[in-house]
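Please keep the sequence and the model at hand while reading.

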Amino acid sequence: MISAYTGTQIREAEKPFLADGVGAVLMQRAAYGLANTVVHELRGRGRRLYGSSVAVLAGKGNNGGDGLFTAALLARRGLRATAILTAGAAHEAGLAEFRRAGGHVLALTADNISELAAAAAGADVVIDAVLGTGAQGGLRGLAGTLLERLTGSVPGLVVACDIPSGLDADTGEVNEPVLPADVTVTFGAAKAGLLADPGADFAGRVHVVPIGMEAALPEPALRRLEAQDLHRLRPQPVRRSHKYTRGVLGVVAGSERYPGAAVLACRGALAAGAGMVRYLGPPDVADLVRESCPEVVCGQGSSAEAHVQAWVLGPGVDESAGDQLQRIRDAAATGLPVVADAGALPALPRILAPHQILTPHIGELAALLAGYGVESDRARLEGATLAAARRGAALTGATVLLKGATTLVAAPGGTVFSQSEATPWMATAGSGDVLAGVLGALLAQLSGSATMDHVPCGDRWAAIAAMAASLHGRAGAMASAGGPVTATAVARAIPEVIRHM
């Protein structure tokens, strides 16, 4: 599992080490890790080290010092190194080491900004070491202008030192200009802002370099499940399992206008291993479900009378589907775990519980927050998705799975998971319906499972939702193989993903 922390948490963990006088040691370890990553990336691109060029954009603080020490190590390995001092002053020890290694130093001024921007853009490697995790706001003045000119004009490798300058380490909010990185080499632990949108758009691949202070870190601000976590948490039938012990899922989905949503939710649930799926809905939709998924037991009765372990509510249900909305109300009142897609929201009570998982995209979350009297401009929420997901969970009392390029799962108690395995090709109709089915199947199988016993009680529902998001994303990437993909193909790939865990 990847654990991510706020900049404040990292700085607090570092304080005892700085007080003991080992700050320089931490900086050297960071520089060594960053330099090794640059070497690895260059070789991976088929470039020789000797004769390649590196330009470090160095601010005046410790982040600039990390960059200067890194560039000094690279210079000693044969790279032509240039340091562009964006604030005139620089970290004294780092600058002195850089000069001793034979690096070329240039101070940014109004007169030479065009020349230095061209020089940096022509380097094989650009290291962004202007602002670190303690910076507030974005770059202004000459440094901001320099990054504006470099954005989109650097054909070589861009590496961010700890965090791209202008990106908020705590929230992932972006204060432009920000130079998009191919790789962010972050020290001690991942920063929460690197694993949430829009920050993830600028971070590229994130590589964590341990520097020796990790044992002092508190509980993380954000977590990300990895393949080994999915293997450990996944439902696993035993020799005497049967369809009822494997998890029975109820699905209230689909309408005359959107009948396919019910089919896709059922396919997702079956693919994720539910022992039985019971569908409740209009006869025409039920017929379509039977035709596509003969394993599903269909009916038109009341959800209050259905014997299930969890519910999927709302995919493809519109405001005119009165019978379906009543079934949603009755299902929500059972107290069982619930996946509630946007179509279910009008029928749910105002105050919910952690085992009720809402699955909005950002537009639907904006509408949800507006219903609670919260300012909900979509563009502003897109610029602060981590805060938006947390706000939704806190207001509703539910667990909120915010769908997006990075899917965030926020529990009302504050726990947040971030999953980013999906491909952009998954931005296609019906993909969210499949996700709802996958999540419902996992809730039905895992809500009382011993495999979840080691997960803190308050985190259980968020962890299951994060697992569903990861499975769904991995299945989409497998089915896509770099090209267009349909929601049906995503559902078909889920068993293969589970087999390969």
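A residue counts as buried under 20% relative accessible area, as exposed over 50% and as partly exposed in between, with a 1.4 Å probe and protein chains only. By that criterion Cys298 is buried, because its relative accessible area is 17%. The model is a predicted one, in which local features need pLDDT of at least 70 and side-chain atom pairs count only at pLDDT 80 or more, while totals for chains, interfaces and linings use all residues. Residues are numbered from 1 along each chain as its sequence is written, and side-chain values use heavy atoms, with hydrogens and water left out.

**Cysteines**

- With a disulfide taken as a pair of cysteine sulfur atoms within 2.5 Å, the count comes to zero disulfides.
- Cys298 is in no disulfide, and the nearest cysteine sulfur, which belongs to Cys266, is 6.7 Å away.
- Cys161 also counts as buried, because its relative accessibility is 0%.

**Helix 9 against helix 15**

- Helices (H or I, at least four residues) and strands (E, at least two) are DSSP runs numbered from the N terminus; axes are lines fitted to C-alpha atoms, for helices over the stretch in contact, and angles run from 0 to 180 degrees between N-to-C directions.
- Helix 9 (residues 260-271) packs on helix 15 (residues 431-446) at an angle of about 40 degrees, with the axes 6 Å apart.
- That angle makes helix 9 oblique to helix 15, since angles under 35 degrees count as roughly parallel, over 145 as roughly antiparallel, 65 to 115 as roughly perpendicular and the rest as oblique.
- The contact (heavy atoms within 4.5 Å) is made by Ala261, Leu264, Ala265, Gly268 and Ala269 of helix 9 together with Asp433, Val434, Gly437, Val438 and Ala441 of helix 15.

**Helix 9 against helix 10**

- Helix 9 and helix 10 (residues 283-292) pack at an angle of about 40 degrees, with their axes 9 Å apart.
- Helix 9 is therefore oblique to helix 10 as well.
- On the helix 9 side the contact is made by Gly260, Ala262, Val263, Cys266 and Arg267, and on the helix 10 side by Val285, Leu288, Val289 and Ser292.

**The surroundings of Ala331**

- Ala331, which is found in helix 11 (residues 322-332), is buried, with a relative accessible area of 0%.
- Not counting residues up to four places away in sequence, Ala331 touches Ser303, Trp311 and Leu313.
- The C-alpha atoms of Ala331 and Leu435 are separated by 19 Å, and the two residues lie 104 residues apart along the chain.
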